Amino acid sequence: MNRGTLPGPVVAAGRSMIRGYGMSTAALRPGPDFLLIGAKRGGSTSLYYTLLEHPQVMPLFPNARLLPKDNHTKGVHYFDSNYDKGAAWYRSHFPASARRAGKVVGEGSPYYLFHPLAAERAGRDVPDAKILLVLRDPIERAFSHYRERRRQNAEDLPSFEEALAAEADRLAGEEERIVAEQPGYASYAHEQQSYRAQGEYAPHLRRWMKHFPAERFCVLAAEEFYADPQGACDTVARFLGLEPAPLPPSAVKVWNAAPSQDLAPATRQALAEHYAPYNADLEALLGREFPWTRPS
């Protein structure tokens, strides 16, 4: 059944009924085994759907195969934008424990990495979860983020350079307001117009490491994942306590890439200089190099 053939009220009613059932059985639904926390436009969507090809990685509830829906739900956005909906609402998205023997399930909400409260909330509510993170060259990530907003008619500024110039003013006071007005305040500017800031990975990751021990993290580079998806997924499988499994040839799909071939050289150079100390901090924090810091 194609979702597009159903009237909107029917789809809405179905969603409400399913979510209500999930909430009424929330006590039977353990939380996530893993959280894929970002980065936004960093490859998290591609990684999540590739991981679902593993026979022991379950999708969220409800399974898209049972619904007029093209893809499984990837992210719940509970620890960032939906925390006011409560724990029962969150648990309603996970399969019941009776169906999870020998399997794992997680969700991927890429704003978690950057959100100022997500790490603390997750550390308090799901302290046993494992943390996955896929990071992309921050210059590529920033431009891809801008291009996505433009494609969706959600960014009025006609050039990437104008958006970068406006970023500081757009974000001024937003993080403080998120913290002060929790849990109900959601900032569009903080989530969607933070093109430069979301690629300053190290301080955002360090915030998460205050709430989860280092051995609970698996950090991938998007460039390495796309170059060797089988190897990357084998690494993640072992991290999740699973045996590696072969991916089908059709498993890897690049979602939302928006490459930056037409990025102005001067803009690229300015961003490279901006990100250099953050990249160095990230490599020191994790004790490894990333592809975008290696000499070309």
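I would like to start with Ser194, which sits in the loop between α8 (188-192) and α9 (201-209), where helices (H or I, at least four residues) and strands (E, at least two) are DSSP runs numbered from the N terminus. Before I go on, please keep in mind that this is a predicted model, in which local features need pLDDT of at least 70 and side-chain atom pairs count only at pLDDT 80 or more, while totals for chains, interfaces and linings use all residues. Residues are numbered from 1 along each chain as its sequence is written, and side-chain values use heavy atoms, with hydrogens and water left out.

Is Ser194 buried or exposed? With a relative accessible area of 0%, Ser194 is buried, the terms being buried for under 20% relative accessible area, exposed for over 50% and partly exposed in between, with a 1.4 Å probe and protein chains only. Its side chain is joined to that of Gln198 by a polar contact of 2.9 Å, that is, a pair of N or O atoms within 3.5 Å, where within protein one must be able to donate a hydrogen and the other to accept it, and residues adjacent in sequence count only if both atoms are side-chain atoms. Leaving aside residues up to four places away in sequence, Ser194 touches Phe114, Arg141, His145, Glu167, Leu171 and Ala189, contact meaning heavy atoms within 4.5 Å.

Now to the backbone. Most residues other than glycine have a negative phi, and most peptide bonds are trans. Gly38 and Ala39, however, are joined by a cis peptide bond, with omega about 0 degrees, and Ala39 lies in the loop between β1 (34-36) and α2 (44-51). A cis peptide bond also joins Gln182 and Pro183, and Pro183 is in the loop between α7 (174-180) and α8.

His77, although not a glycine, has a positive phi of about 55 degrees; this residue is in the loop between β2 (57-58) and α3 (87-91), and counts as partly exposed because its relative accessibility is 22%. Asn153, likewise not a glycine, has a positive phi of about 55 degrees and is found in the loop between α5 (138-151) and α6 (160-171), where, at a relative accessible area of 71%, Asn153 is exposed.
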